[in-house]
Structure formats: C-alpha cells, structure tokens
Amino acid sequence: MIELSESELREIAGYAADCAGRALSIFEQSLPADTRPRDAIEAAYAFAGGGRRTAALRQSAWAAFRAAGEATSPAAADAARAASHAAGAAYLHPLADAHQVKHVLGAAAHAARAEELVTGEDPRVGAGTLEWARHHAPSAVTAVLGRLPAAPPGGGRVGEFIRDLDAALRA
C-alpha cells in the first residue's frame, strides 16, 4: 500500500481532465451528438473541484469507455479513452503496483495517441502532447508516481507514451 490523499486524487483527476480535454474535439467531430466523453471530463473536473466520488462519476468513466468502442475512428476512440481515464482517475488505488501508473497517466497517453492518429501518425504531435502533459503535471502527479513502481511494459503505442511520460516526470 502507498500513501494517497484525497487532495492528491483531486489534483490527479484535474490533471487527467486537462489532458483529456486536449483531445475531446477529436471525438466530438466524429460523433457530435455523443456527450459521454465530455460528461466524463466534466465529472472529473467536478471531483477535482471538491465534489464527491459518486457512482455517477464512476458511471461516467464507464460510459466514455463504451463510447470509445462505438467511435468511428481510432483517433476518436483514443480521445474517448482519455476521457474515461480522466473520470476514472478519482478511483486510483493506493497499491504499490506498476499498473496504477496507467491510471495516473492514461488520460495523457490516450490524448497524445488521439492527436497523433488524427494527424496521420505524426510522432512529433504525440511527443508535443506528452511534453505539454509533462509541463502541466501538478506536484501530486510526480509525488504519487514517486511512490509507485515504474510503468509496466506492453500496451502498444499508448503504453510507450505512458512509459515515456512516466520516465520524464521521474527525471
């Protein structure tokens, strides 16, 4: 078990919502009537701003995850996954498990992948999004990452982004 305060969870959720928000328009251009990813990001912001961890917050994360499965493009799917990770960040577990790094950095990594895909897989775009995420990470992100093992292997391009961002934030 690791130490994990509610204020740290709130900072991480706000950060995840900021990261996911960067890619939200990619999903909304694809499925403009589907509000599930936006709702998840708004729920994450509400928690970050002092709201309670409720069943509705968790449900918004799952709804955005389902929206990813219904997306009309891989980029839109990753944008919805970023939103799902944002709402899910409030439920980070205080376990000293490398898998938890995905919960801290998943929104940033999926947003970077969405932006990379929408530009025809330009790696500079994904790298730019990760650089933005590194510069905007609040102290709670780096503090909690410091209590966790390094990001695990696997996960394709998104996993690579998680490991890159994790290493950069620990440096």
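Which residues are exposed on the other side of H3? They are Ala55, Gln59 and Gly69, where exposed means over 50% relative accessible area, buried under 20%, and partly exposed in between (1.4 Å probe, protein chains only). The model is predicted: local features need pLDDT of at least 70, side-chain atom pairs count only at pLDDT 80 or more, and totals for chains, interfaces and linings use all residues. Residues are numbered from 1 along each chain as its sequence is written, and side-chain values use heavy atoms, with hydrogens and water left out. Helices (H or I, at least four residues) are DSSP runs, numbered from the N terminus.

**Helix H3**

- The end C-alpha atoms of H3 are 23 Å apart, which agrees with the 22 Å that its 16 residues should span at 1.5 Å a residue; the expected span is 1.5 Å times one less than the number of residues.
- Buried in H3 are Leu57, Ser60, Ala61, Ala63, Ala64, Ala67 and Ala68.
- H1, H2 and H4 are included in what covers the buried residues of H3, with contact meaning heavy atoms within 4.5 Å.

**Helix H2**

- H2 runs over residues 36–48, and its 13 residues reach 18 Å from the first C-alpha to the last, close to the 18 Å expected.
- The buried residues of H2 are Pro37, Ala40, Ile41, Ala43, Ala44 and Phe47.
- Seen down the axis of H2, these residues fall within an arc of 160°, so they line one face of the helix.
- They pack against helix H1 (6–30), helix H3 (55–70) and helix H4 (74–88).

**The largest pocket**

- The largest pocket holds about 380 Å³ of space; a pocket is an open set of points on a 1 Å grid over the protein atoms alone, where a 1.4 Å probe fits, with protein on both sides within 12 Å along at least five of seven lines.
- Its volume is the space filled by probe spheres set on the points, which are joined across faces, edges and corners.
- The lining has 14 residues, and the closest to the pocket centre are Ala61, Trp62, Ser84, Gly88 and His103; lining residues have an atom within 4 Å of a point.
- At least two lining residues come from each of H3, H4 and helix H5 (99–118).
- Six lining residues are nonpolar, six polar and two charged; Ala, Val, Leu, Ile, Met, Phe, Trp, Tyr, Cys and Pro count as nonpolar, Asp, Glu, Lys and Arg as charged, and the others, Gly among them, as polar.

**Loop residues**

- Ala33 sits in the loop between H1 and H2 and counts as exposed at 76% relative accessibility.
- Ala33 lies 31 Å from Arg124, C-alpha to C-alpha, and the two are 91 residues apart in sequence.
- Glu121 is in the loop between H5 and helix H6 (123–136), and it has a positive phi of about 65° although it is not a glycine.
- Glu121 counts as partly exposed, at 46% relative accessibility.
- Ala150 is found in the loop between helix H7 (139–145) and helix H8 (156–170), and is partly exposed with a relative accessible area of 48%.
- Not counting residues up to four places away in sequence, Ala150 touches Ala98, Val101, Asp166 and Arg170.
- A distance of 31 Å separates the C-alpha atoms of Ala150 and Ser73, which are 77 residues apart along the chain.

Technical notes
Arc of directions from axis to C-beta.
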